[in-house]
Amino acid sequence: MTAIARREEQLWSRCAGCASLLYRKRLRRNLDVCPECGEHARLGAPERLRQLVDPGSMRPLSDLLPEADPIGFVDVLPYPHRLTAARASTGLAEAVVCATATIGGHPVALAVMDFRFLGGSLGCAVGELITRTAERALDDRIPLVLVTASGGARMQEGALSLMQMATVSQAIAALREAGLLTVSVLTDPTYGGVAASFATNTDLVLAESGARMGFAGPRVIRQVTGRALPEGFQTADFLLRHGQVDMVVQRRSLRGRLVALLAATRAGRAARAGHPPVPRQEPASRRERLADDDAALARPAGPAAAVAPSPTPEAGQTPAVRDAWDTVRMARHPARPTTLDYLDSVFDGFVELHGDRLGGDCPAIVGGVARLAGRHVMVIGHQKGHTTAELVAHNFGMASPAGHRKALRLMRLAARLGLPVVTLVDTPGADPGVSAEEQGQAAAIAENILTLTVLPTPVLAVITGEGGSGGALALAVADRVLMLENAVYSVISPEGCAAILWPDRSAAPQAARALRLTAPDLCRLGVVDEVVPEPSGAAHDDPAETAHRLRAALLANLLPLLDVPPAMLVRLRRQRFRRFGTTRGVNRAGVR
Ligand SMILES: [Zn+2]
């Protein structure tokens, strides 16, 4: 390409909507919205911040974090190579940019995701940065504004990415308790673990025109259902029609809408406090004043991240009893005991409670009151089945939004009645169907995760079979997390991971190994507290002995929790999930 041609290319841009050739400066003046067809081009985080905040008001929050490759992930490329490339191409340290600023004179803390950086994926660093931003909002008693753009949780950090959904959610829960407004602005695209946590469990959810949001992506849904998707599926208008967002906003109106919402809530807070809203003085001494926002944003991010050596667990340090892929197959074995089997063998006097009180009773989630060694508990679990007919009847243990809302109802009921909650997790994942998306799967999961982070009663979770991503976490934010020896717990299925990061799905066994989804691995990473050994062979070879061991483990872990005051429980649970924000808690030997 000649220099002139290159220069011409820099000056012009082709609209993805109508293919018009647009003068780049004109496009930028129009906020990157095509003047011909209205297509909203994706924005990087720095440009988004420029458009939203008052000029000169932005104070970037630190993005200094230890270099992290917490599970030593390698697909066709080592993960650190992918990180380095993303940093070089975006000039950002991570997939989120965080700052305090004012919007129309109202102080806010903002976290803005950038899809260009590894698909805006949520890993430990992104989770930590957003959590710190939420904590800053709490300290300063100001609203939190999140702008989301993400494909979901970051596969390369395994289950630790999944934990970030809980870490950020509990920071949002703290803002909710403090009466501070949280707003998320969905932009295109917002999917997976981000959709099923902080993108939808905020007080207000705005969708920018052109945004698409959902728990499962269109490709996955087409693959699972074998059906063409309805016109406009998961678009902003679809979300509005199905009651999942407060409003759809054109980019040019976004700032104005935020100003109006911030003003209204501020007026309410001031009225409660008995004094009129007074513009807050920025304590200049605390923060470095920067010449202007552009200078702040232009600062190179590269070296910022490389502070501490990566706490990569060495490959092969585990005396692997069973290969990860064999464990996956064991966890999915049709004869493996189900939640209803355990309710029969481990608990007594189970009384099932049905329904979400909103219009459905999902058969993939069973729950109710039962006794464990004479003590009353609320048990909630995913139900699969042994025969094809049973599996179909229970939707293969894939909960619908109604299932998650039933679980939520039972958790809250348990807290009101002073009953501890025991959850049994066995799901390939949440239902990835069209109607699940229409009924708000992402928000249903997000609300469960948030509620569990602050539920004022003991919560004990056991991964008994498959712990499939957000659907598993929706029942697994707990004081203690146990895992049966041949269960698996993962941010994505090995097949799904292989399809994305390897040339094809036949790499599922390699993906299973790379994801560190076995009980011993997760115990070392601190995601799981205790491994419950299975009888020789596996759980299904001796269900009675499995039940006996599970019962003993449940009692040993539950009884000490019963003596802890609820406020202390919640505090300790928060600490448990807060520590996943960084990998500092895991040293080279993998011992916390
Ligand atoms: Zn256009």
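Me: What makes the largest nonpolar core a core, and which residues have the most contacts inside it?
Reply: A nonpolar core is a set of buried Ala, Val, Leu, Ile, Met, Phe, Trp, Tyr and Cys residues joined through side-chain atoms within 4.5 Å. Here the largest such set has 172 residues, and Phe-347, Tyr-489 and Val-527 have the most contacts inside it. Helix α6 (residues 158–177) gives the most to this core, with 11 residues; helices are DSSP runs of H or I, at least four residues, and strands are runs of E, at least two, numbered from the N terminus.

By the way, this is a predicted model: local features need pLDDT of at least 70, side-chain atom pairs count only at 80 or more, and totals for chains, interfaces and linings use all residues. Residues are numbered from 1 along each chain as its sequence is written, and side-chain values use heavy atoms, leaving out hydrogens and water.

Me: How do you know which residues hold the zinc ion?
Reply: Donors are N, O and S atoms within 2.8 Å of the metal (3.2 Å for Na, K and Ca). The SG atoms of Cys-15, Cys-18, Cys-34 and Cys-37 sit at 2.3 Å, so they count as donors.

Me: Why is the site of the zinc ion called tetrahedral?
Reply: Four donors get that name if all angles lie between 85 and 135 degrees. The angles here are 106 to 112°, so the site is tetrahedral.

Me: Why does Cys-18 count as partly exposed?
Reply: Buried means under 20% relative accessible area and exposed over 50%, with partly exposed in between (1.4 Å probe, protein chains only). Cys-18 has 31% relative accessibility, so it counts as partly exposed.

Methods. Four donors count as tetrahedral if all angles lie between 85 and 135 degrees; four count as square planar and six as octahedral if opposite donors are over 155 degrees apart and all others between 65 and 115; anything else is irregular.
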